[in-house]
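Subject: Structure handover

Hello,

Please find the structure below for your files. My notes come after it.

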Amino acid sequence: MKIAFLGTGLMGAPMALNLIKAGFPVTVWNRSSGKTDALSEAGAKVATTPAGAVAQADVVITMVSDGPAAADLLFGQEVARNMQPGATVIDMSSIKPAEAREHSRRLGEMGIHHIDAPVSGGTKGAEAGSLAIMAGGEDAVFSPLLPVFEAMGRAILLGPSGSGQLAKLANQAIVAITIGAVAEATLLVREGGVDPARFRAVLQGGFADSVILQQHGARMQNSDFTPGGRSAFQLKDLENVLAECREMGISLPLTTLQRDRFADLVERLDGADLDHSALFVELLDRNNLS
């Protein structure tokens, strides 16, 4: 299968690289052309326009910031119009479920298949090819694409169009709440005189252990907030969770609290481009600590 990969940023670049390593012919495009240099050296073709990237592709993977960006790429920048009939769009961006369903409908009218397949695992998971891939769509479209997904991680089809995006929203709620819990635990032990690294070590394998505790707890201890997952994107995802909740008529109090905290980090503390583990900075600020 010939693959076009559109959007080779922090997540997209290592994902595309793993597809190249798996032996797929890959054409890449990114809005900032410099981010495709390493992929070109690895064997990818580089297109100057997104429409040009997809003309011969069997599969088009999009990895952009949000729903409007995905819609602009597919329909505003003529990607869908330049795709082959019967080809498939795999949108691995994190967008609203309703946006995914609408994209699927519009593409279907053009004879193009669609799978929404957002991911979790951050840049480390993207580099390792171990992403959790949450898919929505038809099994007849999804199953033949398993070799493509397996090059990037582990994919499970969860239901019809939009199901992958709904699962990603639930994932992001868990991530945000857990980051908040890890931040509070880290501050508690630090201020009480316990080395946070030893605290993380003693919890390994226990009920409170998690990837977020081990990875982001270390980031918090070391004040290393180089972005793996940007706080601005975490806030965007939480806004989408709560928008979906309003449609359903349900309330998620912990998610609402974390949305407000991330808004404070992004908007008041200028943390938009920091890793989402920088919620620790917001916690320090509310406690008048450095």
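This is a predicted model: local features need pLDDT of at least 70, side-chain atom pairs count only at pLDDT 80 or more; totals for chains, interfaces and linings use all residues.

Residues are numbered from 1 along each chain as its sequence is written, and side-chain values use heavy atoms, with hydrogens and water left out.

Cores. A nonpolar core here is a set of buried Ala, Val, Leu, Ile, Met, Phe, Trp, Tyr and Cys residues joined through side-chain atoms within 4.5 Å. Buried means under 20% relative accessible area, exposed over 50%, and partly exposed in between, with a 1.4 Å probe and protein chains only. The largest core has 32 residues, and those touching the most other members are Phe5, Met15, Leu19, Ile61, Met92, Phe149 and Met152. Two or more residues each come from β1 (3–6), α1 (12–21), β2 (26–29), β4 (59–62), β8 (131–136), α7 (139–142) and α8 (146–150); helices (H or I, at least four residues) and strands (E, at least two) are DSSP runs, numbered from the N terminus. α1 gives the largest share, four residues. Another core, of 24 residues, lies apart from this one and includes Val182, Ala278, Phe280 and Leu284.

Leaving out residues up to four places away in sequence, Met92 touches Met15, Ile61, Thr62, Met63, Ala117, Pro118, Val119, Ile133, Phe149 and Met152, where contact means heavy atoms within 4.5 Å.

Strand β8. Five of its six residues are buried, so β8 is largely enclosed by the rest of the structure. Strands count as paired if DSSP finds at least two bridges between them. β8 runs antiparallel to β7 (residues 119–120), with two bridges, and Ser120 stands opposite Ala132 in β8. With β9 (residues 153–159) the pairing is parallel, over six bridges; there Leu131 stands opposite Gly153.

Single residues. Arg200 sits in helix α10 (residues 196–203) and is buried, at a relative accessible area of 9%. Beyond its neighbours within four places in sequence, Arg200 contacts Leu213, Gln214, Gly217, Ala218 and Gln221.

Thr36 lies in the loop between β2 and α2 (37–42). Thr36 is also buried, with a relative accessible area of 3%. Not counting residues up to four places away in sequence, Thr36 touches Thr8, Val28, Trp29, Asn30 and Val46.

Regards
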